[in-house]
Structure formats: structure tokens, C-alpha cells
Amino acid sequence: MKLRYLALLPLALLLTGCGGSSDEAKHADFEVIDNTAEVEAYYADNPDFFGFKTLADLPTDLTWENGGDLPEMGSPEAIKGGTEYGRLQDFPRTFRTVGPDSNGSFRVWLLDDVSMSIAHRHMDEFEFVPGIAESWAVDRDNKTVYVKIDPAAKWSDGKAITADDFMFMFWFYRSPYIIAPWYNNWYSSQYTNITKYDDLTFSISSLENKPDMDARILELRPVPQHFYNEVGDDFVERYQWKFAPTTAAYIVEDEDIKKGRSVTLTRNPDWWAKDKKHWRYRFNTDRIHLSVIRDTPKVFEAFKRGDLDQFGLNLAEYWYEKLPDSDPDVQNGYIQKSVFYNQRPRPTYGLWMNSSRPLLDNQDIRVGINHASNWDLVIEKFFRGDYTRMQTSSDGYGEFTHPTLKAREFDISKAQEAFARAGFTERGPDGILVNEAGQRLSFTLSTGYEALKDVLTILKEEASKAGLEFRLEILDGTAGWKKVQEKKHDIHFSAFSVSLEMYPRFWETYHSDNAYDDAFLDNCEVNPDRQLKTQTNNLEALAICEMDSLINQYRASDSKEDMIRLAHTMTEMHHEYASFVPGFYQPFYRTGHWRWIRYPEDFNYKYSRGATELFVHWIDQDMKEETLEARKSGKSFGPSINVYDQFATP
């Protein structure tokens with residue numbers, strides 16, 4: 001439910017953490033503890049939040065639903081079996097899914113894309129289908145959702161999933177032990193009650209009857225209490241390399257972890273949902289072998305050799321040049337190319353300015369940087385005109401997106417006018433502007449996206465025309481994320497990928513709570529003793545007291561009309577502050593895959609983020625043998641270059 005759960009999302013390949021497990025840490029001897037008494041005491045100390053009733057106390061007028069009328073996701077033609085070969089940019093730094101270093105892209109393999117919540121969006125219809133729940137009932141008047149857990153639901157270790165795991169979820173995510181401020185805040189502020197009626201029946205109440213109140217509850221995921229009964233002060237170290245029991249189809253065995261080299265996921269043959277509607281035709285491969293390959297060109301080479309089964313072709317360089325339609329493997333049909341147009345909120349690719357830094361704390365400088373950033377040229381040259389300019393930091397949310405606001409255009413004159421207002425009127429011998437003190441108009445522009453480094457080169461060359469210097473710093477994904485989390489960046493090129501939600505969020509990225517400790521005094525004046533807050537998603541160090549008030553109203557409102565008005569106002573304020581330079585978005589995704597990787601007839605679903613996100617693909621082993629033999633003999637199947645535009649925006 002977070003902004004991609006704190007993860008950054010590059011265009012072609014997901015960001016992942018680096019490092020490696022230590023056998024000593026993995027098998028370290030920790031003191032045996034049991035937090036059961038502490039948890040029960042917490043429940044007892046918060047009786048208004050944690051309730052215990054019987055089935056006789058359930059309201060009698062509830063309307064139970066289960067999404068039974070929605071079409072099934074996945075293809076009945078899907079074949080189970082085989083090993084899929086994929087790539088990790090770096091070895092994961094932890095197997096925890098919460099707390100320090102947990103936000104590398106390996107987490108999608110542990111939680112985000114694979115585990116089950118109470119219910120899930122149907123990815124064509126936007127309505128809910130069952131996950132862990134057998135059925136649910138929404139009581140909007142009382143801001144409550146009632147849930148009946150599927151009696152078959154089990155953790156991967158065979159333990160039953162019960163209402164206790166949802167009760168424990170709130171203790172766990174509120175706990176200071178996990179060192180996760182976002183979770184602490186969200187689970188403490190957005191819900192008012194959880195009540196257990198029996199082992200399989202519970203209800204959760206939301207703070208407000210927001211338009212997506214049902215989603216805020218139905219998309220929650222349980223936490224296995226029996227596994228986390230040793231959570232305490234040493235949580236980070238104790239659980240660093242433990243694979244938690246999961247609701248997902250895939251598990252990680254100790255013997256399948258090769259330090260620094262690879263991780264293999266195995267399909268759980270006893271997965272409780274393997275025969276359930278919406279799940280039985282997905283998660284089809286028996287094993288997923290993920291090898292660490294750090295450089296994108298080497299990833300592509302491995303794909304072309306057939307060592308990897310699929311490769312993201314979002315970058316124009318790979319779609320048009322590295323794997324053109326004329327490539328022999330494409331022409332002979334050994335590798336297939338597909339473009340799929342989707343609809344969903346867009347990742348926020350752009351330049352994030354740290355407004356706590358010298359010069360960047362000046363609005364005129366920030367406005368000038370906006371006008372000195374030539375994204376249209378980036379789109380034309382680097383993306384071959386296939387992408388579209390992002391206008392705001394909340395594009396793709398329908399009526400919640402500002403209808404008229406436009407990103408500042410590249411304009412050298414306007415950039416220089418803004419820089420002049422900040423005192424930068426003269427150019428030095430290298431053409432870079434300087435002020436009266438001889439200070440150069442120069443900033444470090446960093447990124448963790450090695451594959452997009454040429455984007456920064458274009459921006460650097462164009463910015464220099466306005467007298468602005470960008471000193472480029474290309475980091476690996478983990479180092480880039482670490483830098484911005486510690487707020488040590490000047491300007492960082494990155495993106496947050498956003499969840500499939502009805503409306504944008506503002507608190508995480510724009511509230512002063514996530515910029516400074518005690519940013520303002522009670523009268524809204526700046527606190528002179530405030531300290532920059534690290535490990536948050538407010539990468540711009542944006543702190544506007546009026547914005548805080550609007551964000552608080554937005555979070556509390558249950559009126560769709562008021563929320564739309566507030567969203568537009570806050571987007572205007574963010575635009576005026578000018579600490580973000582909107583970049584681009586892609587209205588589609590592109591992929592290349594070997595012929596034996598099969599997809600449903602329509603390829604994928606309207607709201608899918610990427611080709612493999614929903615795991616609707618499968619491996620045809622017979623076709624793999626046939627394709628490899630044909631490649632040796634020269635037999636051709638003919639090209640397969642497909643455009644799926646059924647969901648393209650007119």
C-alpha cells in the first residue's frame with residue numbers, strides 16, 4: 001500500500017539491494033524469547049482498538065460478497081512446470097520485508113507481487129476477487145469491513161491462517177522493534193479497530209469512510225504470529241536472513257541461496273490456493289532461478305544466449321537497435337517481441353531536488369532548473385518519441401490528477417531570468433553562471449539507474465546552455481537509494497512506482513513530518529532547531545506548513561469531491577515550490593521473450609504494471625526443445641511481433 005512499498009522502479013529492471021547473507025548472521029545464536037505475553041498485554045492496554053466478540057455479535061444485515069461474477073484471471077491453457085531463468089541486479093541485503101534495507105526489488109519476490117492479501121483487485125475490472133478471504137462485507141456507515149477467512153488458507157509451513165494473524169499484524173507494524181516509521185504511522189493512524197469473532201472471522205474499521213475505504217482493508221496482508229513470536233530489540237539481526245512463512249505460491253529453501261550469486265524460488269506443491277479461481281492458472285513455473293548480473297548489457301547478452309527467458313525492452317535502444325525486428329532470432333520466431341498498452345498511475349520519473357541544500361533552498365534556483373531541463377529532447381532522442389512528458393507528480397489518477405497544470409517547458413531565457421533573480425548573472429570562463437561571491441551554479445545530479453545514464457548526459461548538455469552545471473554521478477541501485485534516504489543528494493533522478501490506487505498520496509513525499517524533526521513551531525514559523533529527517537520518502541525536504549494542513553485534511557476526508565479539490569490545490573503548491581522536475585512516463589511496456597514463454601491470448605491485463613507482474617505466463621517445455629532444435633538446424637517459425645493496444649488511450 002506504500003509508494004511501491006518504498007521501492008524505486010527503473011524502466012527495464014527493478015531496483016534491488018546489494019550485499020550478501022552471512023552464514024554467521026544466518027545461524028547466529030540468539031537468546032530464546034517469546035513475545036506472546038507482551039502482545040497480549042498490548043491488546044489489553046488498547047481495548048478500544050482490539051476487540052473480542054462472538055459470531056452472535058455479527059450484524060445480521062451484512063451483504064457478503066466474493067467477486068464470483070468476475071471473469072477468471074489467467075489462461076486455462078497454462079502449463080505447470082519448468083524452470084524460469086531471470087536476473088537480479090544485486091544480491092538482496094536481507095530477507096526481511098520490513099525495516100532497514102528491506103526495500104530492494106527482491107522484496108517483490110517475497111511479498112509485493114506474490115503474497116496474498118485479504119482480497120485483490122481484478123486487473124481488468126478494478127473490483128475485488130478473493131485472496132485469503134472466502135467472502136467479505138462492507139459496512140460503509142460504520143467504516144468497517146467484515147471478513148471470513150477461507151478455511152483452506154494456510155501459511156507455507158502448514159499452519160492455518162487465522163484472525164490472530166491479523167490481530168498480530170497491527171502489533172507488529174506498530175512496534176518500534178521493526179524500525180519502520182512509515183508502517184508505524186500508517187497502522188497507528190489509519191485504522192480504529194480490529195475485532196475477532198472466531199478463528200476465521202474478524203472485522204477491521206477505518207478511520208474515515210474514504211472512497212477507497214474497502215481497499216485500505218481488503219489489501220491488508222496477515223503477519224504469521226507463530227513465526228514472529230521472537231520479535232524484540234534485536235529484530236533486524238534476528239530476522240535478517242530468515243525466510244518467513246508466506247501465503248505465496250513460492251518459497252525459498254536454504255540450499256537455494258547462493259551467496260552473492262543467485263536465489264532460486266520453488267513453487268510450493270502444497271500451496272493452499274493452487275486450485276482456487278483466479279489463482280490456479282497463475283504462478284505456473286515450478287522454479288524461478290534468479291542470477292546476479294549487474295550490468296544491463298550483460299543481462300541482454302545472457303538473454304540472447306538463451307540463459308535468461310525474458311528481457312524488458314522498454315528502452316528504445318534495446319527495442320530498436322539491440323533487438324530490432326530484423327534480428328535473425330526475431331525473424332525466425334525464436335524470440336518474440338510484445339508491446340502492451342496499460343492504464344494505471346504512472347511512476348514518478350523526474351528530478352528530485354533536496355531543498356535543504358545550499359542554493360537549492362532558493363525557489364528561483366529551483367524554477368530555473370525546471371526551465372533548464374530539456375525533457376522533450378530526452379523523449380525525442382533517447383526514447384525515440386515513444387514516451388510522453390509527465391506534467392505533475394500525480395499523473396494517471398483520473399479526476400484526482402490536475403486537469404490543466406503543465407510542467408515548466410525548457411526555455412533558456414526563462415531559466416536565466418530565474419537564476420538572475422537568485423544573483424547568478426555572469427558566466428564564468430566555462431560558460432557556467434557565477435554569483436558575486438564567485439560561487440558557480442553547479443549541482444551533483446545523481447541516479448541509481450545505470451541503464452538510463454544517457455538521459456542524464458542529455459540533461460547535462462542542455463542545462464549548460466542556460467549556464468547550469470550538472471555534475472553526473474551514476475551509482476548502482478542500492479547506493480543511489482541509500483544516498484537519497486540519507487538526504488545526501490543535491491538532485492536525484494529516480495522514480496517511485498505507485499500502487500494501483502484511486503487517488504495519489506501526499507503525506508509520504510510532501511508532509512514536513514517526513515522532512516524534519518519538528519519542522520515548525522506552533523505558530524507555523526520555522527523551527528530554528530529542526531533537524532533533517534532521514535529514511536523517509538520526502539526526497540525534496542519539502543516542508544510547507546499550509547501544505548501539512550491540507551494533507552491532514554485530505555487524509556481525514558471522506559468526501560471524494562473535497563479530496564479532488566485538495567489534491568488539485570496541493571499539486572499546484574508542489575508545482576509552485578518547484579522542487580520536482582517532472583520527467584516522462586511510458587503508456588505501455590515492452591518485452592522480449594523466447595518462444596517457449598507463453599502468455600494468454602490477450603497477453604495481459606489492463607492494470608498490469610509489467611509483463612511478469614501477475615505471473616500469468618508459463619513455460620512450454622516441448623516448445624522449448626523444438627525451438628532450440630530449430631535454432632540449430634535453421635528452421636524458421638516466422639516472426640511474432642505483437643502490439644496489444646486494446647487498452648490504449650485514444
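How many bridges join β7 to strand β9 (residues 201-206)? Five do, and the two strands run antiparallel. Let us take a walk from there.

## About the model

This is a predicted model, in which local features need pLDDT of at least 70 and side-chain atom pairs count only at pLDDT 80 or more, while totals for chains, interfaces and linings use all residues. Residues are numbered from 1 along each chain as its sequence is written, and side-chain values use heavy atoms, leaving out hydrogens and water.

The pLDDT is the predictor's confidence in each residue, from 0 to 100. Across the protein chain it averages 93, and 96% of the residues score at least 70. Over residues 1-25, the pLDDT is below 50; beyond near neighbours in sequence, this stretch has 109 contacts in the model. A contact means heavy atoms within 4.5 Å.

## Around strand β7

Helices (H or I, at least four residues) and strands (E, at least two) are DSSP runs, numbered from the N terminus. Two strands pair if DSSP finds at least two bridges between them.

Thr144 of β7 is the bridge partner of Asp139, and in β9 the partner of Thr144 is Ser205. Five of the six residues of β7 are buried, where buried means under 20% relative accessible area, exposed over 50% and partly exposed in between (1.4 Å probe, protein chains only).

Lys154 counts as partly exposed because its relative accessibility is 37%. Not counting residues up to four places away in sequence, Lys154 touches Lys159, Ala160, Ile161, Thr246 and Trp272. Lys154 and Ala273 are 119 residues apart in sequence, yet their C-alpha atoms are 8.8 Å apart in space.

## Two helix pairs

Two packed helices are described by the angle between their axes and the distance between the axes. Axes are lines fitted to C-alpha atoms, for helices over the stretch in contact, and angles run from 0 to 180 degrees between N-to-C directions. Angles under 35 degrees count as roughly parallel, over 145 as roughly antiparallel, 65 to 115 as roughly perpendicular and the rest as oblique.

Helix α2 (residues 36-45) packs against α4 at about 90°, with the axes 11 Å apart, which means that α2 is roughly perpendicular to α4. Here Glu38, Val39, Tyr42 and Tyr43 of α2 meet Asp164, Met167, Phe168, Trp171 and Arg174 of α4. For α17 (residues 545-556) and α18 (residues 560-577), the angle is about 155° and the axes are 10 Å apart, so these helices are roughly antiparallel. Residues making this contact include Leu550 and Tyr554 of α17 and Leu566 and Met570 of α18.

## A five-stranded sheet

Another open sheet to look for has the strand order β20-β19-β21-β15-β24, with mixed pairing. Its edge strands, β20 (469-474) and β24 (580-582), each pair on one side only. On average, neighbouring strands of this sheet are turned by 25° against each other, direction ignored.

Within the sheet, β19 (residues 442-447) and β21 (residues 491-494) pair in the parallel sense over three bridges, and Leu445 stands opposite Ile491 in β21. Helix α11 (residues 363-371) lies across β15 (350-353), β19, β20, β21 and β24, running at about 15° to β24.
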